[in-house]
Amino acid sequence: MFKPFALALGALLMLTACSDKGATTAEGKDAPAAGDITGAGSTFFAPLGAKWAETYKDTTGVRLNYQSIGSGGGVRQIKVKTVDFGATDKPVKPADLDETGLLQFPIVMGGIVPIVNLPDVKSGQMNLTGPLLADIYMGKVKRWDDPAIRALNPGLKLPHLPITVIHRADGSGTTFLFSNYLAKVSPTWKAEVGAADALEWPAGLGGKGNEGVSAFVKQTLGSIGYVEFAVAARTGTAVANMRNHDGHMIAPSIEAFAAAAAGADWANAPGNQLLLLDQPGAQAWPITGTVFIVMHKKQDKPASGRAALTFFDWAYTNGDALATRMHYVPLPPEVKQMMRAQWSQITGPDGKPVYAPATPAPAVAASAASAQ
Amino acid sequence: MSLQSARHPDPVDPIFRGLAFAAATTLLLTLGGLIVALMIGGWPAISKFGFGFLTSSTWNPVTEVYGAAGPIVGTLITAVLSLAIALPIAVCVSVFLTQYCPKAIAQPVSTAIELLAGIPSIVYGMWGLFVFAPWFARTVQLPILTSLDPESFWGKLLAGVPNGANIFTASIVLAIMILPYMSAVFRELFRSIPPQVREAAFGLGCTSYEVVGSVLIPYVKKGMIGVVMLGFGRALGETMAVTFIIGNSHRFPDSLFASGSTLASTIANEFNEASGVHLASLIALGLVLFLITFTVLAIARALLSSQRY
């Protein structure tokens, strides 16, 4: 009668003893959980966010806990305040921002590139235009030796192969940007398909994630897909050139993405809602995207808001080299400066800004230097 | 009550009974809560599209019009196909293990089958995408595509993009996933048959084939139907492996080698980014899947409980 109780008590004691011990060692080794920054959202931002966080922790001891749950999820999470910031590939509409008291600002950029799988066609050999890409994705251009493709690629031997269209199966910021670009350059696409983070695709089949799309393209002769530049660079699939707004045929590169950003008019974009699609500029890549950070303007806990902004300021100042190495594109220094100024809108319960960027002038110099 | 406590003076007993009761009710409450949550979450879609949600195959996040017919059909086709592939093999495996196999080999083989059942589904998905699908495309789809007249019946049935991502390959991977589970339960069913039945059949002069086909299988038939339904239930809800190789298009599949989607794969794909009616429609898909699975499992339970094994 007494025995089971004693056993249970013993087990309970051991359990608490163990967890106590676990807690102390964790606390002893790492920074206390209170100072951590929590964020959620864009899967595109996740690899860079993790690398930044690693370096940031080494220098400051503050940890970043980022959940890569997708852009839509990130915005949902910040709206219900379960995280300090959300990260999204598709900008939140200004009306929505005002309604929910949110501020969004760009943190880093990236490019989306078409990839193809054709015999003897290597990266940089295939030329495409936006309207042609739209026709291919609508299933109107069915074979690789179609006159429309041949006209753009006079030097290429194009086989009489059916075009297999590969798209993203999951809802994604990549699809959002890609379809918005097609809608911008092709009125038929805009009318018949439209633009969103998931579509009713007129043709083709869907792979899960960037990896799924590049796997399908790699495995299917005569296929075409679209992925983030970093993924294309990593998987080694053949990347196609695109004709840009100014009519130049250009290859995707960090410089081409940066050129697209250079022409962007951030100052006149309400709520910083700006899509870098089909931007003017001789060297500008037409499908460029931005990762936005979304935060509440009214911070209930000023300390966590300050911690997050301190991290982003650090990333603006020190993160460019790392971003470039991982095939992301740093923001131009003047855009960063503009965003730093907007941070004063993020205030604590007392109405005062939670964070003041320390030394703006040298920061510009530093980021300009590292952007070289 | 007083009588009972007089017989069991141990105070642990009522506590334990309470604990067991609480555990059981918690489970029931969770189930009920799940249904209610799915109903509430999916309500905006159900009220907007009504019965048409089940019959329309439009799935358009741009115009916010959603219908579940494509995924429902994809779910049922893949589940039925995988069952058709897995069932005969599972029966053969379990018959071999219980009737023909030497005892020394039977045990390790059984353990290996049970281990197969424990492989995470994402592993099957990866294997399907990177190994099986390309192999299937090269050795099965391409020869078929080049040799068949595309206008003939077979040409139409087996038409599709030759990259191995289609309903058929998804069904095969599903079959491989439910196979170990089904063979393990079949084996237990065969073992539960009293040895006298088998001995009597042999005593009457039956061949091994006749013993298995005319005596043993009929003996456990009801139990087998129950197992089949359970396997079917598993195939219905399987998510990750299918998502990787089914090709993920919401259209009605028009051939065996066409890409499609299932209820579970659609939810897995789009849930992260969805909001508003899109999100409600995905939750409603969950409700549909829940109802289908529930029906199947209820039938299985009814059949299983009519026969003890």
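Figure 1. Zero salt bridges are counted between chain A and chain B; a salt bridge requires a side-chain nitrogen of Lys or Arg within 4 Å of a carboxyl oxygen of Asp or Glu. Twelve residue pairs, both at pLDDT 80 or more, are in polar contact between chain A and chain B. A polar contact is a pair of N or O atoms within 3.5 Å; within protein, one must be able to donate a hydrogen and the other to accept it, and residues adjacent in sequence count only if both atoms are side-chain atoms. This is a predicted model, in which local features need pLDDT of at least 70 and side-chain atom pairs count only at pLDDT 80 or more, whereas totals for chains, interfaces and linings use all residues. Residues are numbered from 1 along each chain, chains are lettered from A in the order in which they are written, and side-chain values use heavy atoms, without hydrogens and water.

**Figure 2. Contact between chain A and chain B.** In chain A, 36 residues are in contact (heavy atoms within 4.5 Å) with 34 residues of chain B.

**Figure 3. The open sheet of chain A.** Strands S5, S10 and S11 of chain A form an open sheet in the order S5-S10-S11, with mixed pairing. Strands are DSSP runs (E, at least two residues), numbered from the N terminus, and two strands pair if DSSP finds at least two bridges between them. S5 (127-128) and S11 (249-250) of chain A stand at the edges with a single partner strand each, so one side of each has no neighbour in the sheet. Two bridges join S10 (residues 241-243) of chain A to S11(A), and these strands run antiparallel. Met242(A) lies opposite Ile250(A) of S11(A).

Definitions and conventions. Helix = DSSP H or I, 4+ residues; strand = E, 2+ residues; numbered from the N terminus.
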